[in-house]
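Let us walk through this fold one neighbourhood at a time. Keep the sequence at hand as you read.

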Amino acid sequence: MKFAKPSDTPELATRVDFEPAILSERLRLERLVSPTLSPAEIDNGSDVIQGLTQTQKTLSPRYFYDDRGSHLFEQICELPEYYPTRTEAAILQDCSAEIAQITGSSEIVELGSGSSTKTRILLDAYKNLGYPLRYLPIDVSGGILESSANQLLLDYPSLQVHGLVSTYELALANLTPAILPTRTLCFLGSTLGNLNPEECDRFFADIVQALEVGEYFLLGIDLHKSPTILEPAYNDAQGVTAEFNQNVLNHLNWRFDGNFKPEQFEHWAFYNQELHQIEMHLRSRRAQTVQLRALDLTVEFEPEETILTEISRKFDLEEMRQYLQKQGLTTVKTWTDPNNWFGLVLAQVRSTH
């Protein structure tokens, strides 16, 4: 589903001329990628070719997040089985005032901002302490970023928003110095769990490079727990997660002129106890041949063969603290819920780049 733009809204600028569109005195939306290209198309879909020609076929989770996928993920966050969103939000409600007190006057940068629902909790905390409000949401979905930014401006009359339609890597590489005294970069929702260990190392190298010494990093992580809690969160009774998973094939079809038939693939998610991660797959219902014509790619599927579309790793708070320290981020404080299902970590850059 595409998000319609209001007829009186100027077209967003591209990074081609490095001139962001000024939509109002308090809102700037900037595309670090062309409005007609997805982040994947910048490298001509090479990751799709690589992923679908491996023995275990894979796709990057970024292909979930066209506008339709972003909308479906917002629905997932409201499902009764999906505990991470409400658990993390409850922790934030309890600790946001303390976070604001620790960081002081700080602009909020959020990777994968989506509808910015949990960010409101932090904005309220800074507002209650009388601090100026400045927010830099970063998301690959321009539609949801624009609609959420406009709603935030209505709800927070003093807020300034500088939205970046971008991949994480590109946005981090192009962050300008903070206007407020410091900056708090947020990576919530346990999205970190989507990265394998090697990708985590590269991600944190980018984080530390993007932040100045003394600036903050707020991380949300899903903690180890029973599969009886984990697996239903990725196999909801309404089938929204299944639709979200299958939508990746629709995304590939329109991005790369493909002929995937999503109904010929079934959603399959389970907890891998050895690797401490949820794995989400699309399983072929029969033998079939698929073409992505824009990539000059033909892919053969055997019956029951799968595409791994996402991992969601689960973490231990103490192990994460030690890992962050090795990456150049010193943990200031951690918070969790009464069930120890989810954790928040506030860290600070204390080493030189």
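Start at leucine 52. Beyond its neighbours within four places in sequence, leucine 52 is in contact (heavy atoms within 4.5 Å) with Lys57, Thr58, Leu59, Phe260, Leu292, Leu297, Val299 and Ile307. A word on the source: this is a predicted model, where local features need pLDDT of at least 70 and side-chain atom pairs pLDDT 80 or more, while totals for chains, interfaces and linings use all residues. Residues are numbered from 1 along each chain as its sequence is written, and side-chain values use heavy atoms, without hydrogens and water.

Leu52 belongs to the largest nonpolar core, which has 34 residues. Such a core is a set of buried Ala, Val, Leu, Ile, Met, Phe, Trp, Tyr and Cys residues joined through side-chain atoms within 4.5 Å. Buried means under 20% relative accessible area, exposed over 50%, and partly exposed in between, with a 1.4 Å probe and protein chains only. Val48, Leu52, Leu252, Phe260, Leu292 and Ile307 have the most contacts inside this core. Its contributors of at least two residues include helix H2 (46–52), helix H10 (240–256) and strand E9 (265–272). Helices (H or I, at least four residues) and strands (E, at least two) are DSSP runs numbered from the N terminus. H10 gives the largest share, 6 residues. Another core, of 32 residues, lies apart from it, with Ala100 and Leu346 among them.

Now the sheet. It is open, with 4 strands in the order E3-E13-E10-E9 and mixed pairing. Strands pair if DSSP finds at least two bridges between them. E3 (57–58) and E9 are the edge strands, each pairing on one side only. E9 and E10 run antiparallel over 8 bridges. Phenylalanine 265 stands opposite serine 284 in E10. H10 packs on this sheet and touches E9, E10 and strand E13 (306–313).

Which arginine lies in strand E10 (residues 277–284)? Arginine 283 does. Arginine 283 and tryptophan 268 are 15 residues apart in sequence, yet 6.7 Å apart in space, C-alpha to C-alpha.

Last, the rings. The structure holds 20 aromatic pairs. Rings of Phe, Tyr and Trp (its six-membered ring) pair if their centres lie within 6.5 Å; planes under 30 degrees apart are stacked, over 60 edge-to-face, the rest tilted. Tyrosine 65 and phenylalanine 73 are edge-to-face because their planes stand at 80°, with centres 6.0 Å apart. Tyrosine 82 and tyrosine 234 are edge-to-face too, at 6.2 Å and 75°. Tyrosine 82 lies between H3 and helix H4 (83–103) and tyrosine 234 between H9 and H10, so the pair ties together parts 152 residues apart in sequence.

How values were computed
Axes are lines fitted to C-alpha atoms, for helices over the stretch in contact, and angles run from 0 to 180 degrees between N-to-C directions.
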